[in-house]
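This briefing covers one protein model and is meant to be read beside its coordinates.

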Amino acid sequence: MNQRRQFLGAAAIGAVAAPTLALAQHAPKSVRGPVLLTVSGLIGAGNRGALDPKLDQLLAKQKVGFDKAHAFDFAAIAALPAVTIKPTLEYDSKPHTLKGPLLADVLKAAGVTLKDGMTVFVRAIDGYAAQITAADLRKYRPIIATHIDGQPLSLGGLGPLWAVYDADRFADVMAKPLPERFAWCPWAAYHVEVKAG
């Protein structure tokens with residue numbers, strides 16, 4: 001009986017560990033934690049290979065494809081210089097303090113040389129994708145928020161990453177109704193694609 005329990009226990013551990021080991025082998029060498037953000041398109045050398053439709057299920061289901069990409073875990077994103085913004089959010093009509101690196105700095109860390117005419121698509125876990133031009137990136141300075149009011153953004157809430165900007169700082173944006181100010185700010189952002197034109 002005791003040997004059977006040990007065998008079943010070892011089998012259960014193996015069943016849980018096998019997918020984890022497969023994913024760990026698929027992860028880039030420079031990433032130590034779970035990948036939270038993948039940047040593809042017009043990037044530098046990248047730190048991971050092509051999309052694997054079997055292991056990159058969510059990306060594949062959302063019809064994303066790439067030959068190479070740059071993957072960021074939380075530590076890599078948190079290592080970039082952080083910016084703090086205080087926009088009034090559409091969800092509760094209150095100002096909140098959001099912190100994280102500029103999206104432009106994340107792109108730079110992925111080897112992107114931002115040029116006029118480029119377009120950045122930020123995709124959320126639910127498939128929502130927002131298009132941001134290079135000009136708007138420079139003007140509105142969106143961040144990849146990791147924290148809200150001093151607390152990490154949570155999965156199931158607005159995080160763990162949220163592409164957002166300080167809408168209260170721009171007269172053209174403030175002229176819009178509050179729910180319309182954040183149309184290109186997908187919460188639960190997990191993929192960024194950089195394209196020409």
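The points below are grouped by topic.

The model is predicted. The protein has six helices and 11 strands. Of its 197 residues, 41% are buried.

**Overall figures**

- The accessible surface of the protein is about 10800 Å², and carbon and sulfur atoms account for 58% of that area.
- Taking contacts between residues at least 6 apart in sequence, 64% link residues at least 24 apart.

**Nonpolar cores**

- The largest nonpolar core has 44 residues. Those touching the most other members are Val39, Leu98, Leu103, Leu107, Trp162, Val164 and Tyr165.
- Two or more residues of this core come from each of β1 (35-41), α4 (103-109), β5 (119-124), β6 (129-133), α5 (134-140), β7 (143-145), β10 (162-164) and β11 (189-195).
- Leaving out residues up to four places away in sequence, Val39 touches Ala69, His70, Phe72, Val106, Leu107, Ala110, Val192 and Val194.

**Strand β5: pairing**

- β5 pairs with β6 in the antiparallel sense, over five bridges. Within this pairing topic, Arg123 has Ala129 of β6 as its bridge partner.
- The β5 and β6 strands form a hairpin with four residues between them. In the turn, Gly127 has a positive phi of about 100°.
- β5 also pairs with β11, again in the antiparallel sense, over six bridges. Here Val122 has Val192 of β11 as its bridge partner, and Val192 is also one of the residues that Val39 touches.

**Surface patch beside the hairpin topic**

- Ile125 sits in the loop between β5 and β6.
- The relative accessible area of Ile125 is 35%, so this residue counts as partly exposed.
- Together, Leu58, Ile125 and Leu155 make a nonpolar surface patch of about 270 Å².

Definitions and conventions. Residues are numbered from 1 along each chain as its sequence is written. This is a predicted model: local features need pLDDT of at least 70, side-chain atom pairs count only at pLDDT 80 or more; totals for chains, interfaces and linings use all residues. Side-chain values use heavy atoms; hydrogens and water are left out. A nonpolar core is a set of buried Ala, Val, Leu, Ile, Met, Phe, Trp, Tyr and Cys residues joined through side-chain atoms within 4.5 Å. Buried means under 20% relative accessible area, exposed over 50%, partly exposed in between (1.4 Å probe, protein chains only). Contact means heavy atoms within 4.5 Å. Accessible areas come from the Shrake-Rupley method with a 1.4 Å probe; for residues, only the protein chains shown count as cover. Two strands pair if DSSP finds at least two bridges between them. Patches are made of residues with over 30% relative accessible area and no salt bridge: like charges are joined within 9 Å, nonpolar side chains (Val, Leu, Ile, Met, Phe, Trp, Tyr) within 5 Å. A salt bridge is a side-chain nitrogen of Lys or Arg within 4 Å of a carboxyl oxygen of Asp or Glu.
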